[in-house]
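Hi there,

Here is the structure I said I would pass on to you.

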Amino acid sequence: MVSRKFKRIKVRVRTPISKTGNGAFSGGKINNLLLIGANGDNGNDGKRYLVKGLRGLLNHSMMALAEQKGIEICHSSEKKETQSGEKLLPEGFHPNGACYPENECIRHRIMGSIKKASRVKFEPVVIISTYSKEKNGDAQKVHIATESRNSLVYHSRQAIQDFGERYFSGEFTFIIELNEELVQEELGFLLQAILFMPELGLGGSINNGAGKLELLEIALQEVIRTRTINKNGKIIEEEKERNLWKQMEEAIEVW
Ligand SMILES: [Zn+2]
């Protein structure tokens, strides 16, 4: 038998509608999409999608929180200025990873950078249409659809461009696993950043009605996961979880 004991934060959220972000092109592919999955139209044939952007949202949330609290942390950018000399970093931030190792900031201690591995791991959030027949799978069921939209010309209000935008709607849970124990101050900052996430919104079209995120439940848990092999060579995996309400409450109050 093998086993591992670790902590995780489980967050239950609801979004009335979340849309893909406009991502940067890299190698002919669009990065930074909210949903990554197979092509297809209405999702009622059981296509699975990966919800992207949660880690990025948490990073931005940490930045907003640090600004509010007046503490300096890593910016997501690794550069101070663009090639043309334009300043990239707002006041109160240093380039990502520049603080390491001498004056490591709280964000870097938790999230790491190219210089040091992250101490938290996001479990993949796989979603599937509510119409899917899949039962007891690991995918979470939400409403997935494509909204047909068009752009109108300013004066004539004629449609000039039609396009479809993928969105999803519903409740889902995301899990952040702690690879290592965090001290109370770090755990508190992480929890507060999660609490701040709805202020920023998930995915794209935030200023146009999408990306609203409601936090429903949050739990800090201690997990013991064990794996054994039975007589017939079948692998049995078991998880025991325990909610750490007091530790969560104390960590939040550090800040
Ligand atoms: Zn830093």
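This is a predicted model: local features need pLDDT of at least 70, side-chain atom pairs count only at pLDDT 80 or more; totals for chains, interfaces and linings use all residues.

The protein chain has an average pLDDT of 87, and 89% of the residues score at least 70. The pLDDT stays below 50 over residues 23-32, a stretch with eleven contacts in the model beyond near neighbours in sequence. Residues 40-44 are also below 50, with ten such contacts.

Now to the helices. Helix 1 (residues 54-69) packs with helix 3 (residues 184-196), their axes 8 Å apart and at an angle of about 100°. These two helices are therefore roughly perpendicular to each other. On the helix 1 side, the contact involves Leu58, Ser61, Met62, Ala64 and Leu65, which meet Gln192, Ala193, Ile194 and Phe196 of helix 3. Seven of the residues in this contact are nonpolar and two are polar, with no charged ones.

Helix 3 also meets helix 4 (residues 245-253): their axes come within 7 Å and cross at roughly 85°. That angle makes helix 3 roughly perpendicular to helix 4. Here helix 3 contributes Gln184, Leu187, Gly188, Leu191 and Gln192, while helix 4 brings Met248, Glu250, Ala251 and Ile252. By class, this contact has five nonpolar residues, three polar and one charged.

Best wishes

Notes:
Residues are numbered from 1 along each chain as its sequence is written. Axes are lines fitted to C-alpha atoms, for helices over the stretch in contact, and angles run from 0 to 180 degrees between N-to-C directions. Helices (H or I, at least four residues) and strands (E, at least two) are DSSP runs, numbered from the N terminus. Angles under 35 degrees count as roughly parallel, over 145 as roughly antiparallel, 65 to 115 as roughly perpendicular and the rest as oblique. Two residues are in contact if their C-beta atoms, placed from the backbone, lie within 7 Å. Ala, Val, Leu, Ile, Met, Phe, Trp, Tyr, Cys and Pro count as nonpolar, Asp, Glu, Lys and Arg as charged, and the others, Gly among them, as polar. pLDDT is the predictor's confidence in each residue, from 0 to 100.
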